[in-house]
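Reader: I'm new to reading protein models. Could you walk me through this one?

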Amino acid sequence: TMRGHSDDVQSVTLERSKGRTAVSCSDDGTARIWDIERAQLAKDPPGHTNPSSPITAAVWCLRENAKVIVSSDSDGGVRCFKDDGQSCIWKIKLQSSDPENKQAVTSLCGNAKVDKVVCGMYQRLHVIETKQGKT
């Protein structure tokens, strides 16, 4: 058992090439990188710091031949950071078509062999290029 979030964990994704690292996303507004072989927290990535904006999903992707992590939040924010968790590469805010102004990015899809990530929101999908952080 690994502990490090102060609220519900919404999503966990495993880095598939070696299977030693995972990223979790939580309602506490944080994403965390875990060393699952040692069963301990490895890094606290920068970028998501608002506890009132839960982190909804994360996915490993490719950016310029290097693995990165892309995460999303309930306010439409999407961030890309190095897989070592040390720096945020880019961040963008997506817009929803929801008349009630719900901005949550509810899902992400990507993999470590593709330089794009697909984000799901209310009635929309956004495709983001991981190199530039543009839709």
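Reader: Which residue in E4 does Trp 34 stand opposite?

Author: A quick word first: this is a predicted model, where local features need pLDDT of at least 70, side-chain atom pairs count only at pLDDT 80 or more, and totals for chains, interfaces and linings use all residues. Residues are numbered from 1 along each chain as its sequence is written, and side-chain values use heavy atoms, leaving out hydrogens and water. Strands (E) are DSSP runs of at least two residues, numbered from the N terminus, and two of them pair if DSSP finds at least two bridges between them. E3 and E4 pair in the antiparallel sense over three bridges, and the residue of E4 opposite Trp 34 is Leu 41.

Reader: And what about Ile 33, which residue in E4 stands opposite that one?

Author: We stay with the antiparallel pair E3 and E4. Here the residue of E4 facing Ile 33 is Lys 43.

Reader: What is the phi of Ala 39?

Author: Most residues other than glycine have a negative phi. Ala 39 sits in the loop between strand E3 (31-35) and strand E4 (40-43), in a hairpin with four residues between the strands. Its phi is positive, near 55 degrees.

Reader: Is Gln 123 buried or exposed?

Author: Gln 123 lies in the loop between strand E10 (116-121) and strand E11 (124-129), and it has a positive phi of about 55 degrees without being a glycine. Buried means under 20% relative accessible area, exposed over 50%, and partly exposed in between (1.4 Å probe, protein chains only). With 64% relative accessibility, Gln 123 counts as exposed.

Reader: So where does Ala 39 fall, with its relative accessible area of 40%?

Author: Go back to the hairpin of E3 and E4, where Ala 39 has that positive phi. Because its relative accessible area is 40%, Ala 39 is partly exposed.

Reader: Which strands stand at the edges of the open sheet?

Author: The open sheet has four strands in the order E1-E2-E3-E4, with antiparallel pairing. Two of them have a single partner strand each, so one side of each is left without a neighbour in the sheet: they are E1 (9-14) and E4.

Reader: How far does the backbone nitrogen of Asp 28 lie from a polar atom of the Ser 26 side chain?

Author: Ser 26 is in strand E2 (residues 21-26) and is buried, with a relative accessible area of 0%. A polar atom of its side chain lies from the backbone nitrogen of Asp 28 at a distance of 3.0 Å.

Definitions and conventions:
A polar contact is a pair of N or O atoms within 3.5 Å; within protein, one must be able to donate a hydrogen and the other to accept it, and residues adjacent in sequence count only if both atoms are side-chain atoms.
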